[in-house]
Amino acid sequence: MKTKTKVSYVVLKYDDQTDGIYMNSSSKMTPGFGLPEYEYHNQNDSLTDIAEDLAQQLNFPYYKIEASHVFVPFLTVYNENETKIYHYVAVVFESTRDEFSSRRDESWHRVKLDQGTQKWSLPFGNGLIDSNDYQFKNYAKTDYAANPKLNPEITFSNVMHYVEQETLNFPILGLLSGDKFTMRQVLHYQDLLGIETLKAGNNMTFEHQYSQSIQTIQDDRMTTSYRIKKEYLQK
């Protein structure tokens with residue numbers, strides 16, 4: 001049986017002009033809300049290889065992505081027209097704070113979870129096509145949802161649940177600021193998304209919670225910044 005590898009991805013970015021977090025959607029693969037995807041042709045298919053390939057795919061002229069800011073949490077294997085498909089799903093943290101770039105079939109939507117209704121709200125923000133607003137339930141409220149048919153709404157919910165779970169181990173949302181971030185930025189990004197994993201505190205409690213995963217950077221006497229240790233960014 002022939003095999004084929006595909007990669008779908010969610011790019012998350014913070015825009016300081018509108019003070020919002022956005023994700024990219026694509027209408028190329030499915031009508032309505034969909035995620036961009038491409039076929040992966042490299043014979044090497046480790047998670048590191050896939051992350052590096054996706055970063056290279058996105059880097060020019062669309063984004064400026066480091067492979068260490070790409071995570072590949074999901075793999076679905078299925079048969080399609082006598083071909084075995086290995087379909088990976090990635091999440092990418094993009095840190096160009098004031099510029100929206102996209103392919104012609106992609107658009108950007110602001111991301112917010114309503115904790116009361118447990119619905120994701122994705123109003124249109126930027127792009128050449130597909131100016132629709134989207135809203136759908138959070139399929140992964142307490143755990144990952146089964147998704148054998150790769151429904152993009154379920155995929156997105158699972159990706160965001162992954163982000164929440166990883167926040168327990170290291171401040172993954174800090175990557176929206178690049179390689180250096182502050183506690184306040186991480187908490188602000190979480191508030192913008194509407195997730196409640198990390199509780200507010202001070203630098204001391206932040207450093208205690210993430211003592212294994214972050215390094216302190218003393219920028220000046222007024223501001224303490226952090227970076228994520230390399231081992232937490234390795235695939």
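Leaving aside its neighbours within four places in sequence, which residues is Phe-156 in contact with? Please bear in mind that the model before you is a predicted one.

The contacts of Phe-156 are Val-10, Met-23, Phe-33, Val-111, Trp-120, Leu-122 and Phe-136, once those sequence neighbours are set aside. Phe-156 also belongs to the largest nonpolar core, which has 43 residues. Within that core, Phe-156 and Phe-93 touch the most other members. Helix α3, residues 183-193, contributes the largest share of this core, with six residues. Apart from this core lies another, of 18 residues, including Tyr-9, Val-11, Tyr-22 and Val-72.

Let me now describe the overall fold. The secondary structure of the protein chain consists of four helices and twelve strands. Its radius of gyration is 18 Å, close to the 18 Å that the globule rule gives for 235 residues, so the chain is as compact as a globular protein of that length. The C-alpha trace spans about 60 × 35 × 35 Å along its principal axes.

How much of the chain is made up of buried residues? The share is 48% of the 235 residues. As to contacts between residues at least 6 apart in sequence, 55% join residues at least 24 apart.

The protein chain exposes about 12200 Å², of which carbon and sulfur atoms supply 44%.

Key: Residues numbered from 1 in each chain as written. Predicted model: local features only at pLDDT ≥ 70, side-chain atom pairs only at ≥ 80, totals over all residues. Heavy atoms only, no water. Helix = DSSP H or I, 4+ residues; strand = E, 2+ residues; numbered from the N terminus. Rg over C-alpha atoms; globule rule 2.2 N^0.38 Å. Buried < 20%, exposed > 50% of the residue type's maximum accessible area, 1.4 Å probe, protein only. Contact = heavy atoms within 4.5 Å. Areas by Shrake-Rupley, 256 points an atom, 1.4 Å probe, with all protein chains shown as cover. Core = buried A, V, L, I, M, F, W, Y, C linked by side-chain atoms within 4.5 Å.
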